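Biologist: I am new to this structure and would like to go through it step by step. Could you show it to me before I start asking?

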Amino acid sequence: MTSHLFSDTRVLTGRSLRHILRSPDTLITTAVTPVAMMLLFVYVFGGAINTGSGAPYVNYLLPGILLITISSGVAYTAYRLFLDLQGGIFERFMSMPVARPSVLWAHVLTSLAANFSALAIVVGVALLMGFRTGASVAAWLAVVGILLLFTLALTWIAVIAGLMARTVDGASGFSYPLIFLPFISSAFVPTNSMPGPVAWFAENQPVTSIVDTIRALFAQEAVGAGIWTAMAWLAGILVLAVAAAAAVYRRKVS
Amino acid sequence: MTTDQALQPAIRVQGIEKSFKDLHVLRGVDFEVPRGGIFALLGSNGAGKTTLVRILSTLLKADAGTATVNGYDVGAEPAGVRGSISLTGQFAAVDDVLTGRENLVLVARLRHLRNHAEIADGLLDSFSLTEAGNRRASTYSGGMRRRLDIAMSLIGNPPVIFLDEPTTGLDPQARLEVWHTVRRLAAQGTTVLLTTQYLDEAEHLADRIAILHQGTIIQNGTLPELKRLLPAATVEYVEKQPSLEDVFLALVGKDS
């Protein structure tokens, strides 16, 4: 059965990618909110924000916007998984000689494809708005790698939500705190402008280390120890989310 | 039981029990289904028919008892069971976003068959879905969805097919179409286990009927055997009136 893991995953990923291609509005929706936020912050609030660097504010803002794009995008994974469970097609797969993990991996790989398409749109708009970077190929690869890990970690959280949800709203509700988290981080303003306890929270939550690392990579600055903090957070969340999702899945499919 | 055959039975259920919290749905179910033919599991709503089918198709674990399907134990050899069966649940398990044809190709590929295109075309043809084949399943009528659902279940010719209330919610014509399909399947040698709450459905289709009531099988036999449980028939002369079904089908035009 496990010998079909890859072929089953490929077939099922093809199926859910087709779902996205047939409702491209989900991609547009994923990209529209972060783009609107970026326009709002750069052209409305940005003038009043002092980031302490001479670079354009869009350069400062983009890393956080990329994370928000992913945070809102993974909600669709929970939604699509929930619909599969509701519609009976999930039970059909479960009663067939299909490799069990394939059903989840197909949704996870589809999430990667969908979120990276949305990220490409957001980066495109940022470039039009004056975002510039002299980042080397290696730095770009590092940024893509971090975003990939972030998407994977959040997608597995979405899988848990999709498997456990009882209603459609419940399936996507988990993403609101994830979307909110970047606001209490260094994503929009430097943390030193915040009052003590808020600044402490902002500096010690995962988003800040991830945002700071991506920002440093784009600005061709040294990433310092921050990258290891970021990696530790990402790896930790990913491992916990996969373990929890696997446990929920095992209970679900008995 | 009279199934003393050289072949082992297609399905053997012994002492299956299942509870959900305090609700004892199955309280020791025993029966055997011989190979080939149509076996109807009859019971009212909530009798536990679906729970039993879910156990037999490896979707649910029993609390006690054993069951084998096509010789494989549902608890110990679920992969063997899954390779031998096909399940058509109460709600058509089709992918609405995909076309009818893509649904069939999807299942053929997940069953690791090579000639998916031919399989899909062949089934679209034999289920009168060729014209609708390239339309999304979401545009199908209830009867068409059910036909597609059953067509998907036939891919790979599994020796045992579970049909859980296949005609619930269908109009009379669609219901006859499903009956026709089920008979054709049995004629090919497939073992069909059908659950239904419609007595006439069991009477029309089934070679053997088991009645599931309050968590156990209270009767199991052929239709004549079950009829013999009641006092012998007396001859009465009754004017034969057409049933409403006869009238409806005559008016709207019955095909096949």
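Biologist: Is the crossing of α4(A) and α7(A) left-handed or right-handed?

Modeller: Please keep in mind that this is a predicted model. The two helices are α4, residues 75-87 of chain A, and α7, residues 137-164 of chain A, whose axes come within 8 Å and cross at roughly 35 degrees. The crossing of α4(A) and α7(A) is right-handed.

Biologist: How many nonpolar, polar and charged residues has the contact of α4(A) with α7(A)?

Modeller: On the side of α4(A) the contact is made by Ala75(A), Thr77(A), Ala78(A), Leu81(A) and Phe82(A), while α7(A) brings Thr155(A), Ala158(A), Val159(A), Ala161(A), Gly162(A) and Leu163(A). Sorted by class, these residues come to eight nonpolar, three polar and no charged.

Biologist: Which helix gives the most to the side of chain A that touches chain B?

Modeller: The contact between the chains takes 19 residues from chain A and 22 residues from chain B. On the side of chain A, at least two residues each are supplied by α1 (5-22) and α5 (89-94), and the residues there divide into seven nonpolar, six polar and six charged. The helix that gives the most, with six residues, is α1(A).

Biologist: Which residue takes a positive phi in the hairpin of β4(B) and β5(B)?

Modeller: Strand β4(B) is also joined to β5 (residues 72-73) of chain B, by two bridges and in an antiparallel run, and one bridge there links Val69(B) with Tyr72(B). The hairpin has two residues between its strands, and the one with a positive phi, near 55 degrees, is Asn70(B).

Biologist: What percentage of the residues in chain B is buried?

Modeller: Among contacts in chain B with a separation of 6 or more, 68% are between residues 24 or more positions apart. Counting a residue as buried if 20 or more other C-beta atoms lie within 10 Å of its own, the buried part of the 256 residues in chain B is 43%.

Definitions and conventions: Residues are numbered from 1 along each chain as its sequence is written. Chains are lettered from A and ligands numbered from 1 in the order in which they are written. This is a predicted model: local features need pLDDT of at least 70, side-chain atom pairs count only at pLDDT 80 or more; totals for chains, interfaces and linings use all residues. Axes are lines fitted to C-alpha atoms, for helices over the stretch in contact, and angles run from 0 to 180 degrees between N-to-C directions. Helices (H or I, at least four residues) and strands (E, at least two) are DSSP runs, numbered from the N terminus. A crossing is left-handed if the near helix is turned anticlockwise from the far one by less than a right angle, and right-handed if clockwise. Two residues are in contact if their C-beta atoms, placed from the backbone, lie within 7 Å. Ala, Val, Leu, Ile, Met, Phe, Trp, Tyr, Cys and Pro count as nonpolar, Asp, Glu, Lys and Arg as charged, and the others, Gly among them, as polar. Two strands pair if DSSP finds at least two bridges between them. A residue is buried if 20 or more other C-beta atoms lie within 10 Å of its own, exposed if 12 or fewer, and partly exposed in between; C-beta atoms are placed from the backbone.
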